[in-house]
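Me: I would like to go through a model with you. Could you take my questions one by one?

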Amino acid sequence: LKVSNLWRDIIKSDFRYTYDKTNDRVVDNFENIRNDVMLVNVIDYQNVHGTSTIFNFNTSGDRDTNQFQIIQHFYADHSDTFRTLYNFNYTRYNNDTFSDDKFTSNLYQGSFGFLHRLYQSLDTELKGEFSVIDEDDFEEYYYGPRLDLDYRKIVPGGRFSAGWGFLYRVTDREVEYSLMEENTRRIVGENVTLTDGVRNFLKNANAIATSIVVRDAQRRELVENVDYRVVQTGNLIEIRRIGLPNNTPLHVDYEYGISPDITYTTLGNTLYLRYDLKQFFTLYYKFYNTDYHITDGYVRGDRENFLADEKSNLYGAEVKWRWFFFNAEYEDDTSDLIPFDAMRFNGRFQFNPTKYSLFSINADHTDTDYKEQRGDLTYDSVYANFTAQVGVVNTDMEVAYIQEDGEDIDDSGWRVSWDVRSRFRSVELELKADYYDWDKIGEKRENLRVEFKVIRYFDIL
C-alpha cells in the first residue's frame, strides 16, 4: 500500500505499508511474517531543504524482531556560496526470538557543519560528527571533525579535479567483560554486497560462523548453502553467493569476539587526483589511509584483529571512443587485516539499435593476489544486455557467463534474466524470471525463480 500527498508545494509525503508472509517447507522449516511501515517527507521551503524518513520494521514467526529508525537530512542555503548541514539518525533494534537471549540496541548518530564554495572551483565541507551505541553489554561513543576539499578546474586539453579528506575521531568503548567466559558483541544489519571478483569479508575479525544470519534487501532470511556460503579464512569470515545475482545487497547479523574497555583515536586521510583529456582519455589516482592509536586500555590477543590499520594506493586509466569504453586499474592494499594486490580490466560496448532500445556487452577480468597466504582469486565475466520500450511495454533481458578460480573456489556458470513491465492507466504488471546454471567445485546447481506482480494505483485526494 502506498499513499502520496503534496502540501502547498512545500512538503511531499509518501506513506508505504508492506505485508509479507514467507513459508519455506522445502529447504528449511521456516516461517517469516513482516509488517513494514515507512513515511518519507521531502521538504522544500524557501532556503530550507531536506528529507525526513521514519521506518518501523516488524518481523514475527520463527524470528521476532523490531527495528524503528528516524533519519533526518537537512540543509539551509544562506547564500549562493554558503550552506549549513544538519543530519541525525536514531535506530532502535529489538530481538525477542529467544526468551533467554533478548537483545536491544540503540544507535544515535549525527553531524552538523557547513559547505562553502569558492569561485565555482573549490568546495570546502567541514562537519562535526558523533555516534553513541547503547546495547545490553556494550557501550561505545565517538566524536570528532571531518574535513573534505573538492577542487575542479578547466585546464588546457581537458579538466582536472582533486580532492582531499581528513578525519579525526576519539572513540571510547565500555564492555561488560569476563575473563571466565566468551565475550562477544552482536552486529545487526551489516551491509554486504556480493560482487563477483571480490572477496566479501565481514568487517569484524573473530566472527562466530554459527551466529551468522543473512537477509536480502527486503529482510527475508536466506538459506545457507542454497543462497550463499560461509567460508572461514583465518580469523575472517567470507560470504559467497550461490543462487543470488551479482551485486546483491545483503544485511548480515552476527556475533564477534571483543576486547575489554578501550579508548582509541582514529586518523584518516583520503586523496584523489583525476585528469580528463577531452572526454576521451582519463588518468586517476586514489589513496586512503586509516591509523588507530590506543590511548587507554589494551587489546587481548592480536591487535590487528580489532584495530586494523588500512592503507591503499589505486592507479587507473580510462579510454572512451564512440560506443566503446575501456578501463584498467592496479591497486596495492597494504592494510593489516586483508592486504592484497589487484589488476582489473573492464571493456564495454553499447549502442542504440533504435530510438527506444539499448544493446550492450560488458567484459571483466580481475586478478587478485591476497598476501599472507590467503590465496589468489581470478575472476572473468561477460554480460550481454538488451533493453527496449515498445508502446507501454518495457523489457530487459540479460545473459551472463561467470568464472571464478582461486583457493577453495572453482565456480563457473550461466545466468539468464528477463524482466517485462507494463503500465496502463492505474494498473502496473511485471513478470520477472531468473535462471542459473552453476558448477561450484564440481557440484552442479540449477535454479529458476519467477516473480509476477500486479500493482494498482489509487487517487484518494
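Me: What share of the 461 residues in the protein is buried?

Reply: Buried residues account for 40% of the 461; buried means under 20% relative accessible area, exposed over 50% and partly exposed in between, with a 1.4 Å probe and protein chains only. This is a predicted model, in which local features need pLDDT of at least 70 and side-chain atom pairs count only at pLDDT 80 or more, while totals for chains, interfaces and linings use all residues. Residues are numbered from 1 along each chain as its sequence is written, and side-chain values use heavy atoms, with hydrogens and water left out.

Me: How many helices and strands are there in the protein?

Reply: The protein has zero helices and 26 strands. Both are DSSP runs numbered from the N terminus: helices are H or I with at least four residues, strands are E with at least two.

Me: And which residues touch the most other members in the largest nonpolar core?

Reply: They are Leu202, Ile212, Val214, Ile239, Val252 and Tyr254, in a core of 20 residues. A nonpolar core is a set of buried Ala, Val, Leu, Ile, Met, Phe, Trp, Tyr and Cys residues joined through side-chain atoms within 4.5 Å.

Me: Which strands each supply at least two residues of this core?

Reply: Strand 11 (184–194), strand 14 (236–241) and strand 15 (248–257) do. Strand 15 provides the largest share, four residues. There is also a second, separate core of eleven residues, with Leu236, Ile338, Ala342 and Leu377 among them.

Me: Back to isoleucine 212: what does it touch?

Reply: Leaving out residues up to four places away in sequence, isoleucine 212 touches Leu202, Tyr228, Val230, Ile237, Ile239, Val252, Asp253 and Tyr254. Contact means heavy atoms within 4.5 Å.

Me: Changing topic, where is glutamine 46 found?

Reply: Glutamine 46 lies in the loop between strand 3 (30–45) and strand 4 (48–61). Its phi is near 55 degrees, a positive value in a residue other than glycine. Most residues other than glycine have a negative phi.

Me: Why does glutamine 46 count as exposed?

Reply: Because its relative accessibility is 64%, glutamine 46 counts as exposed.

Me: What about arginine 322: what is its phi, a positive or a negative value?

Reply: The phi of arginine 322 is positive, near 50 degrees. Arginine 322 sits in the loop between strand 18 (310–321) and strand 19 (324–333), and it counts as exposed because its relative accessibility is 61%.

Me: Finally, what does the C-alpha trace span?

Reply: Along its principal axes, the C-alpha trace of the protein spans about 65 × 65 × 60 Å.
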